[in-house]
Amino acid sequence: MKFTLSWLKEHLETTATLDAISEALTDLGLEVEGIEDRAARLSGFTLARVKHAEQHPDADRLRVCTVETNEGDKQIVCGAPNARAGITVVLAKPGDYVPGIDVTLSVGKIRGVESHGMMASERELELSDEHDGIIELASGEVGQRFIDWLAENDPAKVDPVIEIAITPNRPDALGVRGIARDLAARGLGKMIPRDCDPVAGSFPSPITVTIDEDTRAACPVFYGRVIRGVKNGPSPKWLQDRLMAIGLRPISFLVDVTNFFTYDRNRPLHVFDADKVHGNLRVHRARGGETMMALDDKNYVFQTDMTLISDDNGPESIGGVMGGNQSGVTDDTVNVFVEAAYFDPVRTALTGRALKINSDARYRFERGIDPTWTPTGIEHATRMILDHAGGDASDLVVAGEIPDVSRAYRFDPAHVISLVGMDIDEHDQLASLVALGFTPDGDKVWVPSWRPDVGGEADIIEEVARIASLTKLKGRPLPRLTQGVPKPILSPMQQREQTARRTIAKLGYNECVTYSFIDHTAASIFGGGAETAMLANPISSDMSHMRPNLLPGLLQAAARNQARGFSDLALFEVGHVFDGGEPGEQSLMAAGLLVGMTSPRDVHGAQRPVDLFDTKSDAEAVLAAIGAPAKTQIMRNGGTTWHPGRHGQICLGPKKVLGAFGELHPKILSAFDVSGPAVAFVIFPGAVPLPRKTGVSRGPLQMHDFQTVDRDFAFIVDAKVPSQDIVNAATGADKKLIASVMVFDEFFGGTMEKTEKSIAITARLQPTGSTLTEKDIEAVAAKIIAKVVKSTGGRLRA
C-alpha cells in the first residue's frame, strides 16, 4: 500500500515529522517497507539564470551559454532548443549526480568548448518524461535550492511516498483514511472530517439493477446511478500527481476517480459507459461457458457460480474483480452509470484465483471492505464527478440490502491489564477504542463496520495494546509460588524421554526426526493401519495414517542413505506412536537401528556385521539409564517385526514388556528396500515402573558381608527348547537368593538322542542374612532343578 505524505495530511491534521510517522506506523503493525524521499535526490540542484547565449562555433544545434550561479558566472554548453538569455533554469554543477541519466557530472569539453555543468530537463531529474527542452522557471532566485522552489510552487514533485505492508487481517488500512485513523488514535494528530452531502437526483435512472435470489450471498447490495452530460478527459493535476506518485498511470478522469477512491477510502467503484449498456443490469451467477473481454484486453471464460454483472447482451463486468472492455468509458463518453456494490470476500477470491486476475478491486474485496459505506461512497464519487466533469445525476438505484455486520463483545479494562501486562489507564483504553471507531456500551464494545478482523474480546484487547504500544511492555520475573528449592519442572516421563535421547546419542547413534504420519502399507506391516488411526485430510497419500512404530521412519531414512552410498548406519528416534486417533491412544517409544558393519575396515580386522547382541547391550543401557529394574527376563514371541529365532523381549514378567531387540524380519527389510544386516531395538519408557521413592538423593550402596556361592547344573532338554527358558526358570526358583543365572555350555551328541541337547548353567547365590550351609545350598539346588524340569520338560544330566 503506497501513499504520499500530503495525501495522508488530507485526512490527518498533524505536525509530526516523516520519521515520527514512519516509526509510529511500524509500531502500530503497519510495517513501513520503504520511503521514497524524492526531495533527497534533488537536494544538490540550485537555480541559475542564463545571462547570454550564442551559437556554438562548431555545432549547429549547440549553444554556448553564460550562466549566473551562486558561485559566479559559468560557461555551459547546452543543446536544448529553448536555451536563451533571460530564463531561470535548474543547474547541475560538476560533482552532482543526475538521476535521470545516471551520470555524475564533471568539467568537460563539447566540440572543443569547455562546459562547467548542465542545465537540466524534467526527465533528467526524473520529474516527468518531458525532455524537449530544459526546465524554465517563472520565478526563483539565483542560488536558491531547487527543492525549496518546488516545495513552494509544485510540492507534489517532492512529496515523500510511503509504502507499508498490509497483513490480511487489516483491510481497513488499504485506504489512506484508515491509516490516518490509526495515527490519530496513537496521538499523532486529529482526523479531518471528509463528509459530503448526498446528491439529489434530478431524474429517474434509465438503467435499473436486479440481483438474482441465488446471488444475494455473493452480492448482498448494489448501488448505482446515471450521470448525464459529463465531459471526460485528463484528470486535474493534483489527481494525476497522486496516482503517479503511487505507481498508477492516469488514464482519464472517470477512470482515475475510481482508482482514487480505491486507495483513498478502500472503496472500489466501477463506471460503465451508459450508452453502451443494453437494457438493464442484472447481478447473477454464471451458468458456465460465458465469455467477456475485460479491461485488461483479455478474453475470459467463466465457470459456474462466478458472480457476473450482465446487460441484455451478456456479461459486462466480473463482480468484485474487473470491468468489461465493451462498456468501458472513453474520452468520448458523455453518459455514465456509476456502480458501488459489496461482494462476498470468499466468492471474489475464488473467482479471481480461477481467472488468474489480480486487480486492486479483487485485493480489497477478498479481504473485506466496509459494506455500510457503500451508499456514502457513491455519493462521494458522484460529487467529485459533478464538480470536475459536470453533468446531471439521476436518482439512486438500489438492489438488495446492506448486510448487518454489527456486533458487540464484552470488554473489561481490568482484563486488559492482566492479559497484556501493561498498566493502561481505563480512560486511555476507552479513548483509544473510540479513536479507532469502536463504541463503548456499558460492559460491551461495538465493533466498527470497517473492521471485519475483530471477532472477540481478545481482538479488542489487542487493539488497546497496539495503540498503547507494545514497545512499552517491560519484562517482569514470574513470582515464585513456593519457598526454597523449586520442584522439577519436567514430569517423570519427560525426564525419561530426555534421558533416553541423550543416552542413545552417547552410544553413537544419530538422531532422526521423522513425520508422525506414514502410508497405509508401512503402518500395516507394523501392526497399524486401522481406520481409527487414519487421517481425515492427509497432506499426501504417503502420510495417511498415524505411525504405530518408530521403525518405519528409521527404515525409510536408512533406505535413502543407502541409495546415496552410506551403507553403515546407526539411527535413532524418540517420539510418540499411536494405537488410534483418541488422545489416550498414544505412547512414548525410543527406537534404534543399526545397519551394515560395526566399524570401518582396518588392518586389525576388527570390522564385523552388526548383530542382535549389539542392540541388546544398547537397549539394556537405555533401560538402566531411565531407571528400569536390574533383574529382567528375555522372552521370545516379539511379533512379526522380528526374525523368529534372532530376537528377544525384555520383560519384567510374561505381560510386562519393557522393550525388544534383535534382527528385523527379512520381509520387512525387503519391503523398505533396506540391505542387511539390520538390527534394531525399541524401548517403552512408559512401561518402566516409577520408583517408589521420589527424592533426588541416591539410596545407600548395598554391600554384602557374606560370600557368594556358585553352583553348576546341566540339563538335557529337547533341542527346540530355548536356553533362555532354562535361565528364566532357574532365576525364578528363588528370587531373593539367586543373584544371576547364565549359560556357559551347549552340547549335542554323545549318548543323547538326536533330538536332544545339553545346556549347562551356573547359578550364583548371594546370601544376605548369614553364610549358606550345605543344607541351604542343596535346598536351593533342588528348587532350581524342580523348576527347570517342570518348565522345560527336561532332566538333570548325570
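Some ground rules. The model is predicted, so local features need pLDDT of at least 70 and side-chain atom pairs count only at pLDDT 80 or more, while totals for chains, interfaces and linings use all residues. Residues are numbered from 1 along each chain as its sequence is written, and side-chain values use heavy atoms, with hydrogens and water left out.

Let's start with the inside. Buried here means under 20% relative accessible area, exposed means over 50%, and partly exposed is in between, with a 1.4 Å probe and protein chains only. A nonpolar core is a set of buried Ala, Val, Leu, Ile, Met, Phe, Trp, Tyr and Cys residues joined through side-chain atoms within 4.5 Å.

The largest nonpolar core has 92 residues. Which of them touch the most other members? Leu 25, Ile 164 and Leu 183 do. Take Ile 164. Contact means heavy atoms within 4.5 Å. Beyond four places in sequence, the contacts of Ile 164 include Met 1, Phe 3, Leu 25, Leu 30 and Ile 179. Glu 31 and Glu 33 are among them too. There is also a second, separate core of 29 residues, and it includes Ala 523, Leu 550, Leu 551 and Met 589.

Now helix 5, residues 237–245. Helices are DSSP runs of H or I, at least four residues; strands are runs of E, at least two; both are numbered from the N terminus. The buried residues of helix 5 are Leu 239, Asp 241, Arg 242, Leu 243 and Ala 245. Their cover includes strand 1 (2–4), helix 1 (5–8), strand 13 (161–164), helix 6 (253–264) and helix 9 (374–389). After helix 5 comes Gly 247, with a positive phi near 95 degrees.

Next, the largest pocket. On a 1 Å grid over the protein atoms alone, a pocket is an open set of points with protein on both sides within 12 Å along at least five of seven lines, and lining residues have an atom within 4 Å of a point. Its volume is about 1,300 Å³, taken as the space filled by probe spheres set on points joined across faces, edges and corners.

The lining has 41 residues, and Thr 632, Gln 633, Ile 634, Gln 724 and Asn 728 lie nearest the centre. Which element gives the largest share of the lining? Strand 36, with eight residues. Helix 18 (723–731) gives two or more. By class, the lining has 20 nonpolar, 14 polar and seven charged residues.

Val 727 is buried, at 10% relative accessible area. Val 727 is in contact with Val 741 and Val 743, leaving aside neighbours within four places. From Val 727 to Met 742 is 15 residues in sequence and 6.5 Å in space, C-alpha to C-alpha.

Last, the backbone. Most residues other than glycine have a negative phi, and most peptide bonds are trans. Gly 676 and Pro 677 are joined by a cis peptide bond, omega about 0 degrees. Pro 677 is in the loop between helix 17 (666–671) and strand 38 (678–683). Asp 297 has a positive phi of about 65 degrees, and Asp 297 is exposed, at 55%. For Asp 305, phi is positive at about 80 degrees; Asp 305 is partly exposed, at 30%.

Conventions
On a 1 Å grid over the protein atoms alone, a cavity is a set of points where a 1.4 Å probe fits but cannot get out, and a pocket is an open set with protein on both sides within 12 Å along at least five of seven lines; lining residues have an atom within 4 Å of a point. Ala, Val, Leu, Ile, Met, Phe, Trp, Tyr, Cys and Pro count as nonpolar, Asp, Glu, Lys and Arg as charged, and the others, Gly among them, as polar.
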